[in-house]
Every structure is written in C-alpha cells, then in structure tokens.
Amino acid sequence: MTTSAKPVSVAVIGAGMAGRSHAAGYRNVNTVFGAGLPPVRLAAIADANVVLGEDAARRYGFEKALPSWEAVVEDPTIDAVSIVVGNDLHRPIAEALVAAGKHVLCEKPLAGSLEDARAMAELERGADVVTAVGYSFRRSPGIAAIREHVRAGELGDLTLFSGRYWCDYATDPNGPLAWRFKGGPGSGALGDVGSHVIDIAEYVAGPIAAVSGASLSTQIPKRPLPLGAVVGHNAAPVSDEFGEVENEDTASFTARFESGLVGTFSVTRTGFGLPNGLAFDVLGLGGRAAFDQHRPAEYLFDDAQPEVRTRGARQVIAGPQLPYFAGGVPMEAPGVGASNADHFTYQARAFLDQVASVADPQPVCATFANALRTMEIIQAVVQSSLGGGAAVTVPPAA
Ligand SMILES: NC(=O)c1ccc[n+]([C@@H]2O[C@H](COP(=O)([O-])OP(=O)(O)OC[C@H]3O[C@@H](n4cnc5c(N)ncnc54)[C@H](O)[C@@H]3O)[C@@H](O)[C@H]2O)c1
C-alpha cells in the first residue's frame, strides 16, 4: 500500500462513455472532502482508438494518451488504474495489472463470462493490491441514505423490494451492433444495467438467496454493423449488413433474499423515453422509501408520523444531511443536485483512499468477490428463464 504523501499516479484504460467519467472523477478527487489524500498525478488515458484517447487526455488534463492497455501495464510510474473497456477485456487487463503490482478499479459487470469473473475473484484472494469494482450508484447520496434508514430499522421489518433499471438506449433498430449486443444470455440488459440494480438491492436490503420466474426477451434481434468506432450508446455510421444480437434487451424476475424478503426486478434497454431509469421502492411494516435516478437529488420517505392529518410521503431533498453531500459538492446547499458525475468522483476518492490507506476513508468500494456475486445472480436468472421460470438458488454470500 502507498502510505507516504508521494503522489499517486493514476491511469484510465478506455476513453469511451464511462472512461471519461472515471477521468473526470480522478481530476476532482482532491477537490472534494478536503485534505487526506496524497496529490494525484493524472498520468495517462489509454484507448485503442488513439484519437479518442488523445482527446480525452487533453480534455481531462491527463499527461498523455497511450495506444494500448499493455502500455499502461508496462509503465512503472503508474500506481492505480481504472479498467473501463468492454467486459470481455476486464479479466486479461486485471490479471496483467495485478501482476504488475498496480491497484485496480474495474468497471461492472466484473467480466464477460462467469468463468472469467470466478478467475478474477480468485486473483483478488491472492492479490497484494486493491481490487475494486465500479458500482457507482452506491455513491448516490439518496441511495446511501435509504440504506442507512433500512440498516437503522426505520422501515421496520422489510416486506418488499421492487427494483428496475429501464433504459431506452437500444430502442433504435438502426443503432450499431456494438460490443454491448454480443455475448450470451445475461450479458445484455441484465449485465449492463441489471448488474447495478441487483448490486443496489443487496447493498440496501441484504443478500439474495434465490431467484425465480425469470423471463428474457429480445425486441430487436438484428442490428447493422458499425462502419467505425462506437462510443457508449451513441449513434454511429452503419453498414447495410446486419448481425445477430446475442443477448437480451429485456428481463424480469423475482427474488427471495436470505432474510425472507421478497423482491421483484425488471430491466430493459428498449423502453422508450427512459434514458437512465434506475429506480426502486423498499417497503416495510413501519415505513417505506423510494428512489428514482431521473430525480437524483431527492428520495421519498414515509413513516408513521404522529400527526395523522399530515401523514404521507416526504420528498427528502439531497443536502448536507445525506451521505457524500457535505464536502462533496462545491455549493453545499440542499437542492443543488447530486449528479452521476458526482458518483464517479466519490467512487474515485473512495478507491484512492483505499490505495493510499488514508485515515478516515470513504466507504470502501465493492470487491471482485461482491461483483462475482452479482454475476452468479444473473446466471441464476438465466437458468431460471431456461427452466421456464423455475427457482434457482444463488451461492450463499461469503
Ligand atoms: N458504472 C457505470 O455507470 C457505467 C456506465 C457505462 C459503462 N460502464 C461500464 O464501463 C465499461 C466501458 O463501457 P463504455 O460504455 O464506456 O464503453 P465504450 O464502448 O464507450 O468505450 C470503450 C472504449 O474501449 C476502447 N477499447 C476497446 N478495445 C480496447 C483495447 N484493446 N485497448 C484499449 N482500449 C480499447 C474502445 O476504443 C472504446 O473507446 C463497461 O464495462 C461498462 O459496463 C459503467
């Protein structure tokens, strides 16, 4: 572990949609929460698309762009690295970085296959570096606050968790056949956005024990091949030739948590008009709470208030009373927002707090083992769907 005040040198592998979010996070990491972290050197952004990498390095203030992830592995001055490329590449890059003694913050889902994810969890067990996963929604002030309500017993015994992640990024049938549409069942909407809502469900309400009633569907089975680079969910020039979509656009399932709590889940990437619809309700005998990422600066909270006349859900507006907010935004006033970009800054800060072993760190990042669990749950959902909705147990949480 780095313990001195020597700068921590960071690099980002991948300059696409989420890579830039990591880059912005590292750039801001010493502006939030005041002192505590050593200086951060923005060493490099690596992308096989050199033009994109150079543009990101310039815009986010990194010293240089590198043309390959291998160049990051080979640079002895780099201490900590975000892996922000397509999921199939996570394992080989993580293995090489860990072997080179570098700390790793890998994007979700952990890997392109369960086999790779298991190998990465094994790698973590023998690693002498930080191995973290980018479950960025854990850093939402509203979601973290709801978790605190649940853990403090303020909702009473939980009765239902209902979560969804409804997106519209794949509604256009002329959208290019990018890496997101490749891989088997479970690697589509379930892996891409379902992994977030499954992680949040366990983060808020505890471990899932079994899933059942799963159903997967694909609304757009063929997509045009891209003619060049595709960034994130963006449109891109496409050819007249079409290729198969290999994974699901939509999925739903129910879950039973280890506590006995029942959960319902649905995810889609083909839901019109929903750019980033992660939302959930958690209900209990004595209260309830609800969050919707389309209204990220608030959540709903309801409990048995003494005055019956004015009972009802309260809109809790994010402010310094919520996790991350105090010291985490430049204008520390309620109602000024809590954006997706902030999540990445808090996540980068938490990761580097771990790397530098600082006193009084931010809450630790999800581990490779945590993210393997998410993939095991997704695998159980796929098995349930193949078995006509049969119940499938999930390996117990460690
Ligand atoms: N936490 C979140 O909210 C969030 C959001 C979006 C994406 N993600 C995750 O981030 C990862 C990347 O997703 P994205 O949407 O940014 O993808 P993207 O397609 O926009 O970007 C990926 C980049 O990787 C580059 N690349 C491909 N092969 C490479 C190689 N061999 N060496 C170096 N660079 C290479 C591509 O040129 C591209 O620029 C995925 O794992 C995804 O699931 C997380």
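How many residues surround the ligand, and which are the closest? Keep in mind that this is a predicted model. Select the ligand and its shell. The shell holds 27 residues.

Now colour the shell by class. You get 13 nonpolar, 10 polar and 4 charged residues. Next, select helix H1, residues 17–28. H1 gives the most to the shell around the ligand, with 3 residues.

**Domains**

Colour domain 1 (8–137) and domain 2 (141–295 + 297–335 + 374–385), as the domain assignment divides the protein. Each of these two domains supplies at least three residues to the ligand shell. Their centres, taken over C-alpha atoms, are 24 Å apart. Turn to where they meet: 17 residues of domain 1 are in contact with 19 residues of domain 2. On the domain 1 side, the touching residues are 10 nonpolar, 6 polar and 1 charged.

**The sheet**

Switch to cartoon view. Find the open sheet of 9 strands, with mixed pairing. Trace its order: E16-E15-E14-E13-E7-E12-E11-E8-E18. Strand E16 (314–317) and strand E18 (392–393) stand at the edges; each has a single partner strand, so one side of each is left without a neighbour in the sheet.

Zoom in on strand E14 (residues 287–292) and strand E15 (residues 298–303). They pair in the antiparallel sense over 4 bridges. Select Arg288; opposite stands Asp302 in E15.

Last stop: helix H7, residues 189–205. H7 lies across strands E7, E8, E11, E12 and E13. Look along strand E7 (158–166): H7 runs at about 155° to E7.

Definitions and conventions
Residues are numbered from 1 along each chain as its sequence is written. This is a predicted model: local features need pLDDT of at least 70, side-chain atom pairs count only at pLDDT 80 or more; totals for chains, interfaces and linings use all residues. A residue is near a molecule or strand if its C-beta atom, placed from the backbone, lies within 6 Å of it. Helices (H or I, at least four residues) and strands (E, at least two) are DSSP runs, numbered from the N terminus. Ala, Val, Leu, Ile, Met, Phe, Trp, Tyr, Cys and Pro count as nonpolar, Asp, Glu, Lys and Arg as charged, and the others, Gly among them, as polar. Domain bounds come from an automatic or database domain assignment. Two residues are in contact if their C-beta atoms, placed from the backbone, lie within 7 Å. Two strands pair if DSSP finds at least two bridges between them. Axes are lines fitted to C-alpha atoms, for helices over the stretch in contact, and angles run from 0 to 180 degrees between N-to-C directions.
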